[in-house]
Amino acid sequence: MLQVNNVFFAYGENPILKDISFQLPNGSHLALIGESGSGKSTLLKAIYGKLKLGQGEVSWNNQKVLGPDFNLIPGENYMKYVSQDLDLMPFTTVSENIGEHLSVFEPETHQARIQELLEVIQLEDYAHVKVKNLSGGQQQRVAIAKALAQEPKILLLDEPFSSIDQFKKNGLKQLLFPYLKEKGITVINATHDPDDILPFSWLTLVLKDGEILDFGPTKNVYNHPKNLYAASLFGEANTIPLYFLNPGYYIDRPIIVYPHELSVTQNSDFMVTVEESFFKGSHFLVKAFHETNLMVWFIHSRSIIPGTKVALKGTAKTLLERISKTHAKDYHS
Ligand SMILES: Nc1ncnc2c1ncn2[C@@H]1O[C@H](COP(=O)(O)OP(=O)(O)OP(=O)(O)O)[C@@H](O)[C@H]1O
């Protein structure tokens, strides 16, 4: 179990992490999300033991993570941190980088381990290429393999796929994340990419201004977002007064609605005027305005001519659940 208890951290007078507490069972996969500057990298560094905490502590299996005052080289041997600063040896090969910290006394195991990791990061053909001759994305993959070579129990990833193209990124994630799960490695992945979060992370933690806004199963964080900020981290999102969606609810409470939860209908009083349709491959993302000037995003199978008035309804099951939860809250308050 990884435990983060009441962690506070400031850069000088500037508080960055404010009373962060959460627990992660071993082998879990957490997505750490939040806008730029919300404190994701700082939290990873705090967990890794790189920062002198103002207050609080981090422990793993009841063993305290010692900070920079105790470890000359920050970090515990059961934990690896892959940041943007890749810490590779540019003039040696991919294999040599991955195997840098492996025992030379077991050459066969050593080679087998390197081969296994080359397959996970899909760089088998580059085993003997010098790192300086690789692209930025390829170097990121080597840094991940190098971290995994030492069989950590906890892997901290700081936007690990930022330089990797979409095609390679998808393939890599489909190999890497199941591999980490199979090995029982606890993963905290700081990311801006909804495609990292929804399919792979069972848990999600939302940071806002250095505080935890939400923490729980990804499905709950997504389906019942705390506010527009949390929902927007997954993509476009709307806040719409409840009574626009169901005139039966005479409550002036806004509700979060994802674009895919709205659809064009013949019979609804919720009318909007289309401004623009954006091609998204399998559908169009449409930007429209209600007469109250409220901006509304919804998806549609075709592009819609700007200026067209359409009626919208929200019938998605997830939205209906959210509506009934919001309505119940009003009813009881
Ligand atoms: N070495 C530092 N000295 C002073 N302030 C810092 C330092 N590193 C980060 N900060 C500040 O701490 C805050 C949090 O930064 P952090 O890098 O943790 O955010 P982040 O959520 O990871 O952002 P991004 O998504 O852009 O990587 C920011 O306001 C940043 O300017």
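By class, the shell around the ligand holds two nonpolar, seven polar and one charged residues. Its members are Y11, I16, G34, S36, G37, S38, G39, K40, S41 and T42. Gly counts among the polar residues here. The nonpolar class includes Tyr and Ile, and Lys counts as charged. The model is a predicted one.

Which element gives the largest share of this shell? Helix α1 does, with three residues.

Helix α1 covers residues 40-48. Eight of its nine residues are buried, so the helix is largely enclosed by the rest of the structure. The buried ones are K40, T42, L43, L44, K45, A46, I47 and Y48. Buried means that 20 or more other C-beta atoms lie within 10 Å of the residue's own. K40 and T42 are buried, and both K40 and T42 belong to the ligand shell. Just after α1 comes G49, which takes a positive phi of about 90°.

Now step back to the whole protein. It has 333 residues, and 35% of them count as buried. Its secondary structure comes to 10 helices and 17 strands. Along the principal axes, the C-alpha trace spans about 75 × 45 × 35 Å. Consider contacts between residues at least 6 apart in sequence: 63% of these join residues at least 24 apart.

Last, the confidence. The mean pLDDT of the protein is 89. Of its residues, 94% reach 70 or more. For the complex, the predictor gives an ipTM of 0.97 and a pTM of 0.90.

Definitions and conventions: Residues are numbered from 1 along each chain as its sequence is written. This is a predicted model: local features need pLDDT of at least 70, side-chain atom pairs count only at pLDDT 80 or more; totals for chains, interfaces and linings use all residues. A residue is buried if 20 or more other C-beta atoms lie within 10 Å of its own, exposed if 12 or fewer, and partly exposed in between; C-beta atoms are placed from the backbone. Helices (H or I, at least four residues) and strands (E, at least two) are DSSP runs, numbered from the N terminus. Two residues are in contact if their C-beta atoms, placed from the backbone, lie within 7 Å. pLDDT is the predictor's confidence in each residue, from 0 to 100. A residue is near a molecule or strand if its C-beta atom, placed from the backbone, lies within 6 Å of it.
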